[in-house]
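This briefing goes through a single protein chain, from its sheet pairing to its helices, core and loops. The sequence and coordinates come first.

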Amino acid sequence: MTNNCGLCSEVKNEPVKGRLNRIIQNTENFCAFVTKGPLGLGHLLIATREHYLSMATIPRDYFPELRGLREDLGVRLTESFHLPQTILFEHGPSKHDLRGGCCVDHSHMHIMPVRLSSTRAVRKIKESLGNCQTIETYEELRQLADEETAYAFFEFDGIKYFSKIEKPMPSQFVRQIIGKYVGREYTWDWRQNPRTEDIIETVERLKT
Ligand SMILES: [Zn+2]
Ligand SMILES: [Zn+2]
């Protein structure tokens, strides 16, 4: 897709002056790379190489690959950063004027290694999102594909949750919520907190 989508350019690793290479792993249809403004060391995005609106709209046969990559990265991130678990989350699409994402309408999941008190953090995250339902597989996100509503998704401790977001979500809404539980309550905005040192350190630790 020729557009000015930042993630399209990112996954193709188009040379941009002054941009460092943040790509960690490529598979046939996905690219994992360190996010701008990581909420912690090891905070990556898993994006589709082609432009789709959200993970709810990707082709069905991508899901086994997504699962495999998520598992691989889960192991690499917990081992490299000595943290017990990873959290996975997606802002969902920001179709029309619903600003659901981090101002990016290109399907991507966030993954980062964390140490969280599972019961308390999960309860708080669910409360902040409101009306969470659980699903068994990522494929079940497809039920949200045709709807006009945005959604938020997160996975922690092996359980997958999603919440339909009926009203316009503020930019970086899910990032903001997760940021609160990983010590970034006031510094979750990637535009204001680029954290270049953390990006470089993440790339270095995962490359070795
Ligand atoms: Zn794109
Ligand atoms: Zn995002």
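In this predicted model, strands β4 and β5 (residues 108–114) run antiparallel and are joined by 5 bridges; helices (H or I, at least four residues) and strands (E, at least two) are DSSP runs, numbered from the N terminus. The model being predicted, local features need pLDDT of at least 70, side-chain atom pairs count only at pLDDT 80 or more, and totals for chains, interfaces and linings use all residues. Residues are numbered from 1 along each chain as its sequence is written, while chains are lettered from A and ligands numbered from 1 in the order in which they are written.

**Confidence**

- The average pLDDT (the predictor's confidence in each residue, from 0 to 100) is 88 for the protein, and 91% of the residues score at least 70.
- Over residues 96–102 the pLDDT stays under 50, and the model has 24 contacts beyond four places in sequence for this stretch. Two residues are in contact if their C-beta atoms, placed from the backbone, lie within 7 Å.

**Overall fold**

- The protein has 5 helices and 8 strands.
- Read from the N terminus, the order of elements is α-β-β-β-α-β-β-α-β-β-β-α-α.
- The radius of gyration is 16 Å, close to the 17 Å that the globule rule gives for 208 residues, so the protein is as compact as a globular protein of that length. This radius is taken over C-alpha atoms, and the globule rule is 2.2 Å times the number of residues to the power 0.38.
- A box of roughly 40 × 40 × 35 Å, taken along the principal axes, is filled by the C-alpha atoms.
- Of contacts between residues at least 6 apart in sequence, 69% join residues at least 24 apart.

**The sheet**

- An open sheet is formed by 8 strands in the order β1-β2-β3-β5-β4-β7-β8-β6, with antiparallel pairing. Two strands pair if DSSP finds at least two bridges between them.
- The edges are held by β1 (23–26) and β6 (133–135), each with a single partner strand, so one side of each is left without a neighbour in the sheet.
- On average, neighbouring strands of this sheet are turned by 25 degrees against each other, direction ignored. Axes here are lines fitted to C-alpha atoms, for helices over the stretch in contact, and angles run from 0 to 180 degrees between N-to-C directions.
- On the pairing with β7, β4 makes 3 bridges in the antiparallel sense; F89 has F154 in β7 as its bridge partner.
- In a regular strand the side chains alternate between the two faces of the sheet.

**Helices against the sheet**

- α3 lies across β7 and β8 (159–165), and runs at about 180 degrees to β7.
- In helix α4 (residues 173–181), the buried residues are F173, V174, R175, I178 and G179. A residue is buried if 20 or more other C-beta atoms lie within 10 Å of its own, exposed if 12 or fewer, and partly exposed in between, with C-beta atoms placed from the backbone.
- Those buried residues of α4 pack against β4 (85–90), α3 (118–129) and β7 (150–156).

**Burial and core**

- Buried residues account for 38% of the 208 residues.
- The largest nonpolar core has 48 residues, and those with the most contacts inside it are A32, L44, I46 and A152. A nonpolar core is a set of buried Ala, Val, Leu, Ile, Met, Phe, Trp, Tyr and Cys residues joined through C-beta atoms within 7 Å.
- Apart from its neighbours within four places in sequence, L44 is in contact with I24, A32, F33, V34, T35, L73, I111 and M112.

**Individual residues**

- K164 is found in strand β8 and is partly exposed, with 16 other C-beta atoms within 10 Å.
- The C-alpha atoms of K164 and T134 are separated by 12 Å, the two residues being 30 residues apart along the chain.
- Most residues other than glycine have a negative phi.
- D157, in the loop between β7 and β8, has a positive phi near 55 degrees. With 11 C-beta neighbours inside 10 Å, D157 counts as exposed.
- R195, in the loop between α4 and α5 (196–207), has a positive phi near 45 degrees. With 21 C-beta neighbours inside 10 Å, R195 counts as buried.
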